[in-house]
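Let's take a walk through this structure together. Have a look at it first, and then we'll go through a sheet and a few charged pairs.

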Amino acid sequence: MKITVPIYIQKHSGKGAPPQTHILRPLFHPHLEVRGEDLNRAMTKMAQKLRRECGELGSQRRHEQLSRFAFAPDLEDHFCKFNFEMLSRRARCHLLVVVCKSLGRKIAFSPSLPNLWFEIQRGETLATRATEVLTQYFREQERKHGKEALMPETLSLDGKAWVTTLEISIQPPTLAQVKPPNLFAMLGGGETMNGAQELEKTGRCLDYLYPDELHRVIFRDAEVAELSAILQGKDQRPVLLIGERLVGKTAVIHEYVYRLVEQKSSKYSANKKVWLLSPQRLISGMSYVGQWENRLLAILKEATLRQHLLYFDDLLGLYQAGQTANSSLSVADVLKPYVEKRSVRLLGEITPEAYRVLQERDRAFADAFQVIAIKEPDEEQSFRILLHLMRQLERQHRCRFSTDVFPTVMDVQRRYARDAAFPGKAAVFLQQLAVKFRNERVTREEVLQQFHAKSGLALTFLNDSTRVHRQEATAAIGQEVIGQDAAIAACADVVSLAKARLNDTDRPLATFLFLGPTGVGKTQCAKALAKYLFSDADKILRFDMNEYASAYAAARLVGTFNQPEGLLTSAVRRQPFSLVLLDEIEKAHPDVFNLLLQVMGDGRLTDALGRTVDFTNAIIILTSNLGVREAAKNLGFRQDEARESHVYLQAAEKFFKPEFVNRLDRVVPFERLTRADVKRIAQGLMQNIFAREGLLRRKCILQVDDAAMAAIIDMGYHPQLGARALKRMLERQLTQPVAARLATLKPDAPTVIKVFQSSYELVVEVAALMGAAPNEETATALALMEPRRIIELVEASLARIEVDIAQLRPQGLINPDDLEAQHLAYFHIKEQAERVREMCKRST
């Protein structure tokens, strides 16, 4: 059943709405409204709303309300300018007037005043009659409501307005459906559902997206022709498109639908449509026994009757949808007989890895499909496809891509997005840029900033024009990692390889095994590397491998078919640019080692649903305490470090299989900490303590004498426990006493904290600073002094301050992310001194 609905369109071009905004309403049913900048897209959305509204009205017992939507007389629209003589003034406005011609009569009204209708008699003009009626209406409003009356200027249109028609197709049921009582449904009663309505609820008709919402493709004529030929066959063979992620499978289907709707050939009836269905949407809202089965059977019956094409983009999800704790029946089980009998037309898309999982899961179901391979286009074709897309995006979003945007996008996507195929991965990124920088110019800098925000990778590695010196990386990592030169050098090598693009693109950026006793900085080194490379120390995916010592540990990491979200694969899929830290790797189950062989060797891992996870942009660091006991037997001074490192290496080679060790980029032994290292670590830990909120907002000043620092080192130094013993000691001896004293002081009082040694114990004193009384002699002397003399004294003081702070000035290149406290103090004092100098100049 087809009905024609008159549509009122108003185009704003000034105040009250964004420029070029279209407002669409059914002329006689203004409660439905759609807004959009693109008129064709807005018309498509309005058609969807009308189909949904009319479908619901058609399911009712009586169709009076539905018949009102079918009211479409002959219409004429006139955009008129009116001048009204009000009671107290003159008014002007622009309104659209619609004239309905029926049975030899003319009835007119304005969509701005949908309840005011008037007839145009023979011999009368529209302008004269409309002016007369509207003037009388507005005068009556002014007489009744005074200043609060509806004025003509309020209704005046600031743009264009017109009336068009929209033809939609609906399929109301022959008989109204009566739902059974809920009790009957709870007992498993057979509830009869309307297949057309259930399709509207759970599916998405791709035909309704024509023409603007469907993706168009080029250089895919062979694939589209093959798809069309198979689907036109009388045997109704199900078709499956197989290709890499983002290679263009969905675009091929959209192109097929576009051509199908565009042809309007006699071979295709108006009822045949392509419906996209999601397995989870099929069972959503179904709470009673057998309810989702009835819905699916109704949809299949409707699809068989109308010869609809059902399109699934998640075939593996069919085996999960519908299963419960009490039933193993899935959507795939209900759908399979229809596929085998070819009584319903079916279309699907899948990746090669997921197709292998489907074959393992249900070989008969997988073999029932006619396979069409969608291959990645060559480089020249990808360039032409993406250039065509860029021109479309510029027209659609009114943005401008500079000439260096395209090569930059291709470069970053080819280098970093290795888990997807061209042209899709570059197309998605270009669409994100066009949406974000709408009505703006997009340059190479915006591309790099967008990829940095998406991935977290530092801009210094994305931008080829920025140089990264190995010494800078060594210094930055060395500030946070104390006494581990070998580990710092290994991390700096990773940075250099990544920047120079000399790393193996088929493997992770680096795979390190950190060996050494506890508390020497293995985890801290991983955090420092993540902070430097990914601009965030929290870009660490940490797994304590002592939790993965059981036989099903590998399944927990990659997932199972019923629980596909593996802990490792899902984490790296969400955050591919990260550092994966596997702590205490020697405690993991042997199956985990076999799992890691694929990650370290190929840089990829496939989960239970066939989804490939890319590890080539990640760093994998394994930590272990292997060899610590053997090295402890020969505990000595630094002259034994080479021998101790050799003990660690021997223990690792003895524990792990040769193929595992052979895939490690480097085995890094960590040295035991010396007293000098402990002193530097203690200083850093105390800075971290005073960076906490409770001390930072009080503006505390810390004073630690040399004897107290020596006592801190003596109490915190432990060759076997490393820096962790020092951290516990500082929390107990420093943080807790300070907290107990600060709790009794005002939160906004500046505080001085003194730490000193007394009678072989550490003493912490906390005192609040009090405001000093003004010096009357100094104030009197300044009052009697000439202003020029005061300025000379201030300038002399500023000169002495600049000399004193010169030693705090940072040396070399300045990295804003790695400034120390003394460097921040230098710039702050320098800024305040410049302000005082400017004040002196103004006073003269």
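**A helix across a sheet**

Helix α7 (residues 221-231) lies across β10, β12 (309-312), β13 and β14, where contact means heavy atoms within 4.5 Å. Against β14, helix α7 runs at about 170°; axes are lines fitted to C-alpha atoms, for helices over the stretch in contact, and angles go from 0 to 180 degrees between N-to-C directions. Helices (H or I, at least four residues) and strands (E, at least two) are DSSP runs, numbered from the N terminus.

This is a predicted model, so local features need pLDDT of at least 70 and side-chain atom pairs count only at pLDDT 80 or more, while totals for chains, interfaces and linings use all residues. Residues are numbered from 1 along each chain as its sequence is written, and side-chain values use heavy atoms, leaving out hydrogens and water.

Now for the sheet itself: six strands form an open sheet in the order β9-β11-β12-β13-β10-β14, with mixed pairing. β9 (203-205) and β14 (370-373) stand at the edges with a single partner strand each, so one side of each has no neighbour in the sheet. Two strands pair if DSSP finds at least two bridges between them. Strands β10 (residues 239-242) and β13 (residues 345-350) run parallel and are joined by four bridges.

What about charged pairs? A salt bridge puts a side-chain nitrogen of Lys or Arg within 4 Å of a carboxyl oxygen of Asp or Glu, and the whole structure has 48 of them. In one of them, Glu-37 meets Arg-398 (3.0 Å, N to O). That pair links distant parts of the chain, 361 residues apart.
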